Amino acid sequence: MIVIIDYGMGNLSSIQNMLKKISVKSIISSNISVIKNADKLILPGVGSFDNGMGNLQKMSLISVLNKKVLIDKTLILGICLGMQLISKRSEEGRLPGLGWIEAEAVKFKFDNNHANLKIPHIGWNTIKIKKDCLLFKDMEENARFYFVHSYHLICTRGEDIAAMTDYGYEFPSIIQKENIFGVQFHPEKSHKFGKQLLKNFVEILC
Amino acid sequence: MLVPRVIPCLLFKDSALVKTIKFKNGNYIGDPINTIRIFNNLEVDELIFLDITATKKNKKPPFDVISQVTSECFMPLTYGGGVRSIEDMKKIFSLGVEKIVIGSYAVENPSFIKEISKLFGSQSIIVSIDVKKDYSGKSKIYINNGTKPTERTPVEFAIQVEQMGAGEIFLNSIDKDGMMEGYDTGLIKTVSGTISIPLIACGGAGTIENLGTAVKAGASAAAAGSIFVYQNKNRSVLINFPSRDELANIFMI
């Protein structure tokens with residue numbers, strides 16, 4: 001069973017709705033034993049970094065997630081804030097992140113040539129693929145995805161970056177390290193493109 | 001490459017979708033769920049769904065309808081209408097809505113924006129500003145679905161709510177609403193020039209070319225009602241949305 005982790009940070013049913021569309025059963029839960037038994041995990045999230053980490057802490061989910069992801073090597077997909085939480089830290093907050101990848105979240109900063117760009121980065125944008133990744137199976141070439149964020153990751157290790165997106169400059173929009181996947185955009189709100197990406201994640205053999 | 005967003009704005013009133021003229025005389029468009037299913041199939045960028053009577057009638061947001069809408073909506077959805085508590089917002093977000101529009105209540109209680117943007121993140125908070133010109137041509141903000149004038153002006157209010165943490169401004173021209181004669185580009189220019197957050201312009205689009213004009217004037221996104229629910233200026237109902245090629249042409253990308 002796919003478990004969508006409910007830690008009080010928004011947009012959970014939209015992910016479940018999209019999974020329903022591709023006939024995949026999922027369960028929204030914050031229950032530690034349910035998470036322990038998950039085949040795959042989705043860590044969604046809308047909101048601020050410290051609220052997200054604070055909630056994970058309050059709900060005692062950090063140690064079970066660490067075990068599932070780092071020891072059991074369960075596949076996990078972080079979405080939006082969920083992707084940022086798996087990094088080491090964020091400029092947005094003071095709490096440490098989950099630290100599963102060598103990365104940190106920083107706020108968009110533009111030089112004078114791009115000073116007219118608005119923050120947050122909101123809207124449909126494309127991706128530039130940087131490495132082979134199972135998430136890209138049967139993905140259309142002009143695939144576009146819906147982004148809403150003011151912070152983005154910077155990765156220490158280039159090999160963790162699966163795709164980049166251009167907004168003033170290029171930032172990592174899809175990351176992957178072993179069993180850990182993260183997308184900065186919202187696949188659950190990205191029509192058929194997001195549907196394909198979620199389908200690909202679901203179909204990866206563990 | 002980020003393409004400017006084009007957003008159908010759907011007005012919900014007494015269980016149906018309607019289209020207004022100058023915020024009045026809602027003309028019946030259709031069933032909300034069917035309409036949203038069509039927009040989903042047309043792969044629209046985003047949708048704004050507003051309950052236009054909730055605030056005026058002092059009603060709660062229609063949670064059951066919102067829940068049906070989100071189950072058909074695989075694109076970003078914004079809800080607005082009658083939202084005045086954190087509890088209601090939690091419920092709406094949990095149903096699968098991305099962004100919530102705060103209108104009247106933001107004018108009455110601007111510090112609410114500060115509170116909710118901290119809690120939910122700025123990216124999920126849109127403040128709507130409904131603007132009407134008075135007899136002297138001065139733009140004033142109206143609340144309660146355009147029925148109650150205030151002394152606030154769009155520029156100073158937009159600056160204030162940006163400081164409070166609003167993620168986007170949804171700027172509506174009441175005078176242009178439903179007229180299909182083009183946006184109030186002067187208003188868009190003035191407001192977008194003073195804020196650094198994205199501005200969604202609404203009110204007046206009569207052709208898809210008008211969408212480009214709104215973006216040229218400084219809007220980050222162009223919202224419209226009539227052109228996406230009517231076939232033409234005769235106002236016969238037809239749910240429609242331009243193709244990606246047409247949009248690329250309009251924005252000259």
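Predicted model: local features only at pLDDT ≥ 70, side-chain atom pairs only at ≥ 80, totals over all residues.
For the complex, the predictor reports an ipTM of 0.83 and a pTM of 0.90. Chain B has a mean pLDDT of 95, with 99% of its residues at 70 or more.

**Helix α6 of chain B**

- This helix runs over residues 154-164, and its buried residues are B:P154, B:F157, B:A158, B:V161 and B:M164.
- Why do these buried residues line one face of the helix? Looking down the axis of α6(B), they fall within an arc of 120°, so one face takes them.
- The packing partners of that buried set belong to chain B: the helices α4 (104-108), α5 (111-120) and α7 (185-192), plus the strands β7 (125-133), β8 (139-143) and β10 (168-173).
- Just past the end of α6(B) comes B:G165, which has a positive phi of about 115°.

**Helix α2 of chain B**

- Now for residues 63-70 of chain B, which make up helix α2: here B:I66, B:V69 and B:T70 are buried.
- The three span an arc of only 95° around the axis, so they end up on the same side of α2(B).
- What do the buried residues of α2(B) pack against? Part of the answer lies in the other chain, with α1 (12-21) of chain A. Within chain B, the partners are α1 (32-41), β4 (47-51), β5 (77-80) and α3 (86-94).

**Where the chains meet**

- The contact draws 27 residues from chain A and 27 residues from chain B.
- On the chain B side that touches chain A, the residues split into 11 nonpolar, 11 polar and 5 charged.

**The sheet in chain A**

- Chain A has an open sheet of 8 strands with mixed pairing, and you can trace it in the order β2-β1-β3-β4-β13-β12-β11-β8.
- Which strands sit at the edges? They are β2 (26-29) and β8 (128-129) of chain A, each pairing on one side only.

Note on methods: Residues numbered from 1 in each chain as written. Chains lettered and ligands numbered in written order. Contact = placed C-beta atoms within 7 Å. Nonpolar A, V, L, I, M, F, W, Y, C, P; charged D, E, K, R; others polar. pLDDT = per-residue confidence, 0-100. Buried ≥ 20, exposed ≤ 12 C-beta atoms within 10 Å, placed from the backbone. Helix = DSSP H or I, 4+ residues; strand = E, 2+ residues; numbered from the N terminus. Arc of directions from axis to C-beta. Pairing = 2+ DSSP bridges.
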